[in-house]
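Let's go through a few labels together and see what stands behind each of them.

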Amino acid sequence: QVQLVESGGGLVQPGGSLRLSCAASGFTFRWYDMKWYRQAPEKQRELVATVTSAGATYYTESVKGRFTISRDNDRNTVFLQMNRLTLEDTAVYLCNARRVVTSSDFWGQGTQVTVSS
């Protein structure tokens, strides 16, 4: 059974930091590109960051220099280190695993990040 379980969300003040984790099971983690998306109220779901199976990383422009995505294939876990958080970063953050060659696409339930003073 495929599972993606996010953790690490919470309430933080502007300028603060959080580290999100996504623990994966039920599939061969190292074969998959891992992504973090976010969904803010009344906004479209947005791709925030990607770490490919080869280790390449990509970021949406608004988080470049503030967020870092990484993966630990031994622990089947992907991380999102978020620094210098702003009000605009408030959203539910969702973990996604994707393997294009097999059209596999798995989602976690999400973790809430709220940036507020």
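**Labels and their grounds**

Q: What makes Met34, Trp36, Val78, Leu80, Met82 and Tyr93 stand out in the largest nonpolar core?
A: Among the 28 residues of that core, these six touch the most other members. A nonpolar core is a set of buried Ala, Val, Leu, Ile, Met, Phe, Trp, Tyr and Cys residues joined through side-chain atoms within 4.5 Å. Strands that each supply at least two residues of this core include strand 3 (18-25), strand 4 (33-39), strand 8 (77-82) and strand 9 (91-99). Helices (H or I, at least four residues) and strands (E, at least two) are DSSP runs, numbered from the N terminus.

Q: What kind of model is this, and how are its residues numbered?
A: It is a predicted model, in which local features need pLDDT of at least 70 and side-chain atom pairs count only at pLDDT 80 or more, while totals for chains, interfaces and linings use all residues. Residues are numbered from 1 along each chain as its sequence is written, and side-chain values use heavy atoms, with hydrogens and water left out.

Q: Why is the link of Cys22 and Cys95 called a disulfide?
A: The term asks for a pair of cysteine sulfur atoms within 2.5 Å. The sulfur atoms of Cys22 and Cys95 are 2.1 Å apart, so the pair qualifies. Cys22 lies in strand 3 and Cys95 in strand 9, 73 residues apart, which links distant parts of the chain. The structure holds one disulfide, and at -85° about the S-S bond this link is left-handed.

Q: How do you know whether Cys22 and Cys95 are buried or exposed?
A: Buried means under 20% relative accessible area, exposed over 50%, and partly exposed in between (1.4 Å probe, protein chains only). Cys22 has 0% and Cys95 has 0% as well, so both count as buried.

Q: Why are strand 1 (3-7) and strand 7 said to stand at the edges of their sheet?
A: The open sheet has four strands in the order 1-3-8-7, with antiparallel pairing. Strand 1 and strand 7 each have a single partner strand, so one side of each is left without a neighbour in the sheet.

Q: How do you know that strand 1 pairs with strand 3?
A: Two strands pair if DSSP finds at least two bridges between them. Strand 1 and strand 3 have five, in the antiparallel sense, and Gln3 stands opposite Ser25 in strand 3.

Q: What makes strand 9 and strand 10 (residues 104-107) partners?
A: Four bridges join these antiparallel strands, and Arg99 has Ser104 as its bridge partner.
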